[in-house]
Amino acid sequence: MAPGMPLKEEDFMDRRIYAKGVDFAQVEEAIREALRDAGSSKELAAAGVQTPPGFTDELKIAKGQGMSPGEWTEIIATFGPLAATVAEDVWTIVVVPFLKRKFRDDRIATNNPNSTSPADKGANEKK
Amino acid sequence: MTDGRTAPEPSHLNLDDRKIFSLRAAYLRTLADLSPDALPSDEVQGEFDDELRKVSARVLGEHAHDPLDTFLTAVLDRTSRASQAALGGAYEEIRPVVDALRKRIDGVKCGLCVKGDICNGRAGDDRIVAEGGRCISDIKEAMRNAKDDATREYGRVPAAVVVCTSGVSQAPTCIPGLSLAVNGRTWFSDDATTKTSIVTVEVASSLLDGQSMAALNYVALHEMFCHAYQMSARPEARENEGLFVDPIAEGMLDAVIVGLMEEKAQAAGVSDTGAASEADMARRIHLARKATRDRPRFSQAPEVALGALVHDGVLSLYSKEVGRNKASQAVRRLAYDLNLNGWDYRQRRDAFVRLRAHFLGKPRDAQLIDLFIRYLNTSSVNELVHYLTNN
C-alpha cells in the first residue's frame with residue numbers, strides 16, 4: 001500500500017477515500033458504522049455479495065503523516081485477509097455511498113481532487 | 001500488510017508538472033543567485049513573471065509532446081520576445097535575469113539524464129525520473145541530503161525510504177499564515193521483515209515561489225527526521241497514524257531539525273544567504289505549526305506545541321547538568337531514541353501530556369527527572385519509556 005502507486009495484487013485489501021472539511025475521527029467512525037450494517041445491505045445482497053463473519057476484525061483506518069494535512073485528507077482502510085473476497089464490493093456498494101450521504105457528495109471523493117495526475121483527474125471527471 | 005512484499009516502485013510528478021517545476025525552480029534559483037543590485041524593480045519582475053506563466057501554459061498546451069528541455073527553451077525564447085515588446089526600454093532591467101536563466105536552462109539536456117531514455121508523458125517516465133530526474137533535482141537533492149543527515153544523526157538506517165513526488169493543483173498545505181506550494185507526506189509500508197517508509201513530496205508546480213523553494217529542505221528534513229524512522233524499533237509492522245497525533249515526531253523532532261538548520265546557517269556564515277533564509281523559513285513554519293492561540297490555528301498545533309515544550313524543557317534541564325552545547329546534542333539523541341522506540345501513537349501522546357504537567361506543574365516528579373538525567377549517562381531510553389507508559 002502506498003499513495004499514488006499502481007495497485008498490485010497484494011494491495012487489493014487497501015481502500016482509500018478523500019475527505020474535505022470532515023474530521024478524521026468522524027470519517028473513521030462512519031466507515032465502521034457502514035461496515036457494521038453491511039451484512040444487512042440490500043444493495044450488497046442484490047449484487048450477490050455475502051460478507052463472511054469477522055470480515056472487519058482486522059480493519060485498520062489511517063490517514064498518514066507529514067508536515068501538514070492538506071485540504072483533502074487521504075484516508076486508507078486496510079482490511080484483513082477474511083475480507084479478501086468482499087472488500088472491493090463492500091467498499092464500493094456500501095461504504096462510499098454511505099459516506100457521501102453522511103458528509104455530502106462534495107466532501108468525499110474516491111480519487112484525490114487536488115491531484116494533477118491524469119488518472120486521478122479522469123476518475124474524478126467521470127463521477 | 002502481506003508478507004514478502006517488495007519495496008514499491010516510486011511514482012513521480014507527471015511530465016507537464018515537471019516542465020513547470022523545472023522552469024519555475026530555475027527562474028527562482030536565478031533570482032536568488034543574483035546580487036540585489038542586479039534585480040529588476042518589482043513592477044518589471046511582476047510583468048516578466050506574468051508573461052512567463054502565460055507563455056508556459058500556452059507552450060504546454062501547444063507542444064504537449066515536446067521533451068522538457070525543448071519546452072524550457074521555447075518558453076524562455078517566447079517570454080523574452082513578449083517581454084521586450086511589452087516593456088520596451090525597461091526590458092534592460094530584466095535582461096540580466098533572462099541571460100542567467102538562459103545559461104541555466106541551456107545546461108538542461110534530457111538526453112543526458114538517463115542515457116537513451118527521454119520522458120514522453122507515459123508510464124515509463126517514473127523509472128526515468130527515479131534513475132535520473134534532473135528536472136526535479138531540487139527535490140531529489142533535498143531528499144538525498146535529508147537522508148544523509150538523518151543517517152548521520154540517527155546513527156543508523158532503520159527503515160528503507162522510497163521517495164516519490166506528486167503533483168497537486170492547489171497549495172497542498174493548511175498552515176495558517178503560510179501558503180506553500182510544497183508539502184510532505186509519509187506512509188509506512190512495512191511487512192513482517194522489512195520497514196519501508198514511502199515519503200511523497202507534493203508540489204503545486206505552477207504556484208512555486210521563493211518561500212516554497214526556501215521551505216524545500218525543511219520539508220525533506222521533516223519527513224526524514226520526524227517520520228521516516230518513526231517507531232522503527234517496533235518488531236511488527238508499523239501502523240499509520242489514525243486518531244492520535246504524535247507529539248514526539250510533530251513537535252520534538254520538528255524543534256530538533258529547526259535547530260540543526262539554524263546551526264548549519266550559522267556555521268555557513270553571513271555570505272551564505274541561502275542557508276540563512278532556509279533556516280528562517282523553517283523557524284517560521286515551526287512557529288506557525290505550534291501556535292495554539294492563533295485563530296484559525298494549525299490542526300495539529302496542540303501536539304506540535306507539546307512536543308516543542310518537552311524539547312525545550314529537557315534542553316533546559318540538561319543545560320544545568322552539562323552546559324548548553326552538550327545539552328543540545330543530548331536532547332537530539334534523546335529525541336531520536338524516543339522517536340525510534342516502538343511505543344504507539346496513543347502512548348506517545350499520553351506520555352507527553354503527563355510530561356507537560358511535570359515540566360509546568362509543581363511539584364515535579366523527582367523520579368522522572370532522575371530518569372532523564374540517567375539517560376545522559378546511559379543513552380538508554382527504555383527505562384524512561386517504561387516509566388512514562390506506566391505512570
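Good morning. I begin with Val199(B), which is buried at a relative accessible area of 0%; buried means under 20% of that area, exposed over 50% and partly exposed in between, with a 1.4 Å probe and protein chains only. This is a predicted model, in which local features need pLDDT of at least 70, side-chain atom pairs count only at pLDDT 80 or more, and totals for chains, interfaces and linings use all residues. Residues are numbered from 1 along each chain as its sequence is written, chains are lettered from A and ligands numbered from 1 in the order in which they are written, and side-chain values use heavy atoms, with hydrogens and water left out.

Val199(B) belongs to strand 3 of chain B, residues 196-203. Strands (E, at least two residues) and helices (H or I, at least four) are DSSP runs numbered from the N terminus. Leaving aside residues up to four places away in sequence, Val199(B) touches several residues, including Met143(B), Val162(B), Cys164(B), Arg185(B) and Glu223(B); contact means heavy atoms within 4.5 Å.

I turn now to helix 9 of chain B. Its 22 residues, 247-268, reach 30 Å from the first C-alpha to the last, close to the 32 Å expected at 1.5 Å a residue; the expected span is 1.5 Å times one less than the number of residues. At the helix start, a side-chain oxygen of Asp246(B) comes to within 2.8 Å of the backbone nitrogen of Ile248(B). Helix 9 bends by about 30 degrees at Leu253(B), the angle between axes fitted to the seven residues ending there and the seven starting there. After the helix comes Gly269(B), with a positive phi near 90 degrees.

Terms used: A polar contact is a pair of N or O atoms within 3.5 Å; within protein, one must be able to donate a hydrogen and the other to accept it, and residues adjacent in sequence count only if both atoms are side-chain atoms.
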